[in-house]
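Dear colleague,

Here is the structure I promised to pass on to you, and my notes on what was found in it follow below. Please read them with the sequence and the coordinates open beside you.

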Amino acid sequence: MWLLRLSWVLSMLATMVGSGPAVPPPGTASIFADLSAAELGAVRNFLLSRPELGLSPSHGGPLAKNSLFLVELLPPKKRLALRYLDQGGPRPQRQARAVVFFGGQSEPNITEFAVGPLPRPSWYRPLSFKGGRSIPFTARPMTMREYEELHRMLAAAMAPLNRLLRDATGFWYHNSSCQHPRAGEGDGLGQRCLTFSDVAPRGLASGERRSWLILQRFVEGFFLHPVGLEVLVDHRDLDPRRWAVRQLWYNGRYFSSPHQLAESYEQGTLEVARLPLPPSRQLFSSYEPRGRFTTGTSTKVHGARVCEPQGRRYRLHGNLLEYGGWSLAFRLRSSAGLQLFDLRFNGERVAYEVSVQEAVAFYGGHSPAAMQTKYMDAGWGMGSVTYELAPGIDCPSTATFVDAHHLYDADGPVRFARAVCIFELPTGVPLRRHFDSDFQGGFNFYAGLEGQALVLRTTSTVYNYDYIWDFLLYPNGVAEAKVHATGFIHATFYMPQGQRYGSRVHSHVLGNLHTHLVHYKVDLDVAGTGNSFETMDIHFENISNPWSPGARVVQPWLHRQPCRMLGAQPAQQPHMGFCPVPPGRYHLAVTRHHENEHSSSSIYAQNEPWEPLVHFESFLRDNETIEDQDLVAWVTVGFLHVPHAEDIPNTATPGNAVGFFLRPFNFFDEDPSVASRGPVIVRPLDPPAFTRLQIQRWTPASPGPCSAPAPFTYNGTYRQD
């Protein structure tokens, strides 16, 4: 019901249809294309060559240094892009966004730069956030270099606890690099190392950088192997020698230092959580098959597959994707993921931009790490962890796969093979159909159109969770944005007090309840940029029956509410057309387009949620008119996840997907899928005998055999070219 209601609302962001749509030439989409490996490298080399910046390589060296953290496309301003796309204006200059950590100075800060022109940059200038606020250094995302120092510091700090950890878990925290155990080697437990997962926010107030770490046994699926020890580390200082363990939590008790915990163990006053060694085979957190289905039907043969017997029905030119009436440009930005531009149907622009903005997960729990966990995944490089998609599993074997290049916490462009896939998907249900019965055992006609959609997909593996991001295009002018959640649950050590906050999913594992929320930007330009916003709802009336005196009729009627102004607070003088939005509580908010409100979150929100650089509420506070304006819809979708035993080893995708639809509403004269040549119409020629039928179709009578795909292959590496 929610998805349907949302689609009504979004589809009403239109007023009139323009005339004479023009299909843009394929080359125009490239203004939105991600930076190539060569462009990323050119930006990095240019900035490193500037002596005034004093940049050092990202990897190695001290934390107190100036380094380049992120480089990605800086999209052109909308007015410049539309002038180029619609009016034949000059092509916007291609620029990059560069994020620099200035840690090697007395007052460290973060500065973002525009760098151009590409492909041969010669200048840079600072970028600013709305309100002109500077970026505090403690808001920076974690880097591999900081994690290296955190590991080194933790190994030294845990030394007094090695005996406790060995006795209780069979594992301990090594001061060396541990490798995942490989099947068939030794006891399957490798070096019996402990590892950790860190949670965020990193503190309780602005300017802090204190992280709770959950210690886990480093086996396959280590996220499900907490050992009952959580450690609070203060790592705000840029000199790791000044870092310190501030608190520990072990098996329900708090301790001020590792030595205090160790003394409690030595004195016999500690209640020890002793864990059996994990088995070397069929570990509960692994994907190895175990158990049997009772019906005996075979799973040792391949299941159904997507087939393209007569070739692909879509075209891909660089980053321009075309399918039926649809055309769009897409990119995979390192900061936040998939972003669509210039979304058109039959040449008519529907949206200027549809993009993922943020994914958050708010947890509850008994342990300190669990109650502190409020993940905001743009701060964890949500768009840069787009690892290789497996043909036949993550996407059909027939899909088109596209590589991506990211320069995120790296000393050069890193190629992520098969990071995006595109495929046509049989939906398994007809797009539309009708059997016209004659109510005498026969029929007048049957007609149906098979259901298909084009899917644009990528994934984000943000540590334990895997998000599968889809944009789907249907032949009837409907577009869908959808995300599936899978991967490992965020788990903590089970204690009886914890059952209030989740479920015991294994002997010593608590699956903590959490809420997933995903935010999208939908910059709709339906028949131009002058759009209005209207909601529709169903009301009921109880009226006299006009054709039967004395009787009553209860029936629904359509209530339309034009919103001429939308705001977080009521207007000073309430008037018709004002639609208040309760602060922080909305599925949909509509604002006017502003260049300094290009995103609803940032990579800094995770480590600075108290005074965020991008404060979305401020988008709504100005109480601007939104009638016949360039409007942006901000859409929030989500679901509550109470983990359960069936989330072992991984959360499954069925039932864990949310999204929204963009649906035309009186935009076309009829269903635009009538342009498809895919329907089948069957008419009897000799009723009531029904021995002769006329079968009309506009495709070959038989689709032909499906070709066998090549054997499964997978590489899985992501490295600098």
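Is Ile 538 buried, partly exposed or exposed? With a relative accessibility of 37%, Ile 538 counts as partly exposed, and please keep in mind here and throughout that the model is predicted. Ile 538 belongs to strand 29, and together with Phe 540, Val 554 and Leu 558 it makes a nonpolar surface patch of about 390 Å².

Next, helix 3. In this helix, which spans residues 78-87, the buried residues are Lys 78, Ala 81, Leu 82, Tyr 84 and Leu 85. Because they cover an arc of only 165 degrees around the axis, they lie on the same side of helix 3. The face that is turned away from this buried side carries the exposed residues Arg 79 and Gln 87. Lys 78, which is one of the buried residues of the helix, also takes part in a network of salt bridges that links it with Asp 523, Asp 525 and Asp 630.

That brings me to the charged pairs. Side chains of opposite charge can pair when their charged atoms come close. Counting a side-chain nitrogen of Lys or Arg within 4 Å of a carboxyl oxygen of Asp or Glu, the structure comes to 38 salt bridges. One of them joins Arg 313 to Glu 424, with the closest N and O atoms 2.6 Å apart. This pair links distant parts of the chain, as Arg 313 sits in the loop between helix 6 (258-266) and strand 12 (314-317) while Glu 424 is in strand 19 (residues 414-426), 111 residues apart.

Now to the aromatic residues. A pair of aromatic rings is described by the distance of the centres and the angle of the planes. The structure holds 29 aromatic pairs, among them an edge-to-face pair of Phe 471 and Tyr 520, with 6.5 Å from centre to centre and 75 degrees between the planes. This pair, too, links distant parts of the chain, with Phe 471 in strand 23 (residues 465-473) and Tyr 520 in strand 28 (residues 514-524), 49 residues apart, and both residues are buried. Elsewhere, Phe 46, Phe 102, Phe 113 and Tyr 124 form one aromatic cluster. Two arginines are placed over aromatic rings: Arg 166 lies over the face of Trp 172, at 3.4 Å from the ring centre, and Arg 418 lies over the face of Phe 401, at 5.5 Å from the ring centre.

Finally, the backbone. Most residues other than glycine have a negative phi, and most peptide bonds are trans. Against that background, the peptide bond from Gly 116 to Pro 117 is cis, with omega near -15 degrees, and Pro 117 is found in the loop between strand 4 (109-116) and strand 5 (123-126). Ala 200 and Pro 201 are likewise joined by a cis peptide bond, with omega about 10 degrees, and Pro 201 is in the loop between strand 7 (194-198) and strand 8 (210-217). As for phi, Asn 251 has a positive value of about 50 degrees although it is not a glycine; Asn 251 lies in the loop between strand 10 (244-250) and strand 11 (253-255) and counts as buried, at 14% relative accessibility. Ala 527, another residue that is not glycine, has a positive phi near 60 degrees. Ala 527 is placed in the loop between strand 28 and strand 29 (533-544), and it counts as partly exposed, at 22% relative accessibility.

How values were computed: Residues are numbered from 1 along each chain as its sequence is written. This is a predicted model: local features need pLDDT of at least 70, side-chain atom pairs count only at pLDDT 80 or more; totals for chains, interfaces and linings use all residues. Side-chain values use heavy atoms; hydrogens and water are left out. Rings of Phe, Tyr and Trp (its six-membered ring) pair if their centres lie within 6.5 Å; planes under 30 degrees apart count as stacked, over 60 as edge-to-face and the rest as tilted. Helices (H or I, at least four residues) and strands (E, at least two) are DSSP runs, numbered from the N terminus. Buried means under 20% relative accessible area, exposed over 50%, partly exposed in between (1.4 Å probe, protein chains only). A charge sits over a ring if NZ of Lys or CZ of Arg is within 6 Å of the ring centre and within 35 degrees of the ring normal. Patches are made of residues with over 30% relative accessible area and no salt bridge: like charges are joined within 9 Å, nonpolar side chains (Val, Leu, Ile, Met, Phe, Trp, Tyr) within 5 Å. Accessible areas come from the Shrake-Rupley method with a 1.4 Å probe; for residues, only the protein chains shown count as cover. The arc is that of the directions from the helix axis to the C-beta atoms.
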